[in-house]
Amino acid sequence: MKKESKYKFETKAIHSGYDSTKHLDSLAPPIYQTSTFTFSSLEQGANRFAGAEGGYVYSRLSNPTVTILEERIAQLEAGEAALAFGSGMAAVSAVLIGLTKYGDHILCSKGVYGCTFGLLQILKEKYNIDHSFSDLATKEAILSHINENTACIYIETPINPTMTLVNLELVVSVAKEKGIIVVVDNTFSTPYLQQPLQLGCDLVIHSATKFIGGHGDVVAGLIAGDQELVGQLKKTVQKDIGGVIAPFDAWLLVRGLKTLAVRMDRHCENAEKIAAQLKEHPKVKAVYYPGDRDHPDYELMKKQMKKGGGLLSFELNGNYEQTVKAVNQLKLISIAVSLGDAETLIQHPASMTHGAVPEKVRKEMGISNELLRLSVGLESWEDIWQDLKQALDSV
Ligand SMILES: *Cc1c(COP(=O)(O)O)cnc(C)c1O
């Protein structure tokens, strides 16, 4: 609802997309657990199919609980429209398939999520859709990777796990000249910390499994952008490939979004404190956190993000065996992939999220066998630190 756009982020996260008077005054949005919708007459059904009349038809096309989520995330990302999917990868694959055709090329940031990397291989091997990677750090670097077949630029920032940033305004300025679509996977930042559409990017993708759900209990994806582009994807890759979200999962995300702003503030605050403590510990060789003043992209972070985020990586001052020992010594912190949950999670990129990447490439990406990634949770930062400290002290 446009009338809501006057409200600030925190308010929109709680109210936008939902009008209780249209749902029997229920404060919490109802879960429309239905596959299909009944028509009062054949003519009405025909009109809904033809788009001549509004209203729901079938839950792969749209569902009222899902619509609440889509309107809310569209408002939070400052987009005109949004779509929800059954996983982050369903969203990523819908976007990359929807934006490209046989013979096209995709330019990517230096690092992308492991399964996005896998999808790029499938697109190349089966559909002749090529890709290349670039640090996208200068106009020349970007231009040198663009050719007449480049259909889109696909960016993650901060880049997992070393947390380097991509200057979105710079990429947009080059892409606009060339008429190339810019897509940003905004999973790590959420719209609370970074709004790529406001910086001129065309589409935003989320693994809503992470900070947006926020409680480690749902797998889902989202995209947001302008009406034309999102509408096109809805009519094609969402409808005909069909990786849609279930109404209950949409409901969990609508609930998660209500606390996104307060959760992100705490994730960032805790991450800042943990990063500062890690930097002082003799068993830590390096800390990678964009909210740290010594991080090479700190100035860019100040410009394009609100805060440094809830994720950081650090390298143990020791060998692989000591790294294993330290992780196994943790008591409060859980060993798990995924991120953005209330619980602090730690993972070992070289053997987990980036285990499929050949060691040489991994080294080039800055992923040593002693690198650990932490998703800083919402516990007391002192408790998180005490656990890390006793583990580091033990090696
Ligand atoms: C987790 C993740 C994905 C994939 O999302 P799923 O919900 O697991 O399918 C994509 N991009 C990033 C940056 C992620 O962290």
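**Overall arrangement**

The model is predicted. The domain assignment divides the protein chain into domain 1, covering residues 7-258, and domain 2, covering residues 261-393. Taken over C-alpha atoms, the centres of domain 1 and domain 2 are 27 Å apart.

**The boundary between the domains**

Contact between the two parts involves 31 residues of domain 1 and 34 residues of domain 2. The size of an interface is often given as the accessible area lost when the parts come together. For domain 1 and domain 2 the buried area is about 2,800 Å², and carbon and sulfur atoms contribute 61% of this area. On the side of domain 1, the residues that lose the most area to domain 2 are Tyr 192, Leu 193 and Phe 211, which together account for 27% of what that side buries.

Polar interactions also link the two domains. There are 14 residue pairs in polar contact between domain 1 and domain 2, counted where both residues have pLDDT 80 or more. By residue type, the side of domain 1 that touches domain 2 consists of 14 nonpolar, 14 polar and three charged residues.

**Salt bridges**

Side chains of opposite charge can pair when their charged atoms come close. The structure as a whole holds 13 salt bridges, and the count between domain 1 and domain 2 is one. A salt bridge joins the side chains of Lys 303 and Glu 169, with an N to O distance of 3.3 Å. Lys 303 belongs to helix H12 (residues 298-304) and Glu 169 to helix H7, so this pair ties together parts that lie 134 residues apart in sequence.

**Surroundings of the ligand**

The ligand is surrounded by 14 residues, and the closest are Gly 88, Asp 185, Ser 207, Thr 209 and Lys 210.

| Residue | Polar atom of the residue | Distance to a ligand oxygen atom |
|---|---|---|
| Met 89 | backbone | 2.8 Å |
| Ser 207 | side chain | 2.8 Å |
| Thr 209 | side chain | 2.6 Å |

For Met 89, the polar atom concerned is part of the backbone.

**Local backbone features**

Most residues other than glycine have a negative phi, and most peptide bonds are trans. Against this background, several positions may be noted. The peptide bond from Thr 157 to Pro 158 is cis, with omega near -5°. Pro 158 is located in the loop between strand S4 (150-156) and H7. A cis peptide bond also runs from Asn 160 to Pro 161, with omega near -5°. Pro 161 likewise has its place in the loop between S4 and H7.

Leu 24, a residue other than glycine, has a positive phi near 55°. Leu 24 is situated in the loop between H1 and helix H2 (42-50).

Note on methods
Residues are numbered from 1 along each chain as its sequence is written. This is a predicted model: local features need pLDDT of at least 70, side-chain atom pairs count only at pLDDT 80 or more; totals for chains, interfaces and linings use all residues. Side-chain values use heavy atoms; hydrogens and water are left out. Domain bounds come from an automatic or database domain assignment. Contact means heavy atoms within 4.5 Å. Buried area is the accessible area (1.4 Å probe) that two parts lose on being put together, summed over both. A salt bridge is a side-chain nitrogen of Lys or Arg within 4 Å of a carboxyl oxygen of Asp or Glu. A polar contact is a pair of N or O atoms within 3.5 Å; within protein, one must be able to donate a hydrogen and the other to accept it, and residues adjacent in sequence count only if both atoms are side-chain atoms. Ala, Val, Leu, Ile, Met, Phe, Trp, Tyr, Cys and Pro count as nonpolar, Asp, Glu, Lys and Arg as charged, and the others, Gly among them, as polar. A residue is near a molecule or strand if one of its heavy atoms lies within 4 Å of it. Helices (H or I, at least four residues) and strands (E, at least two) are DSSP runs, numbered from the N terminus.
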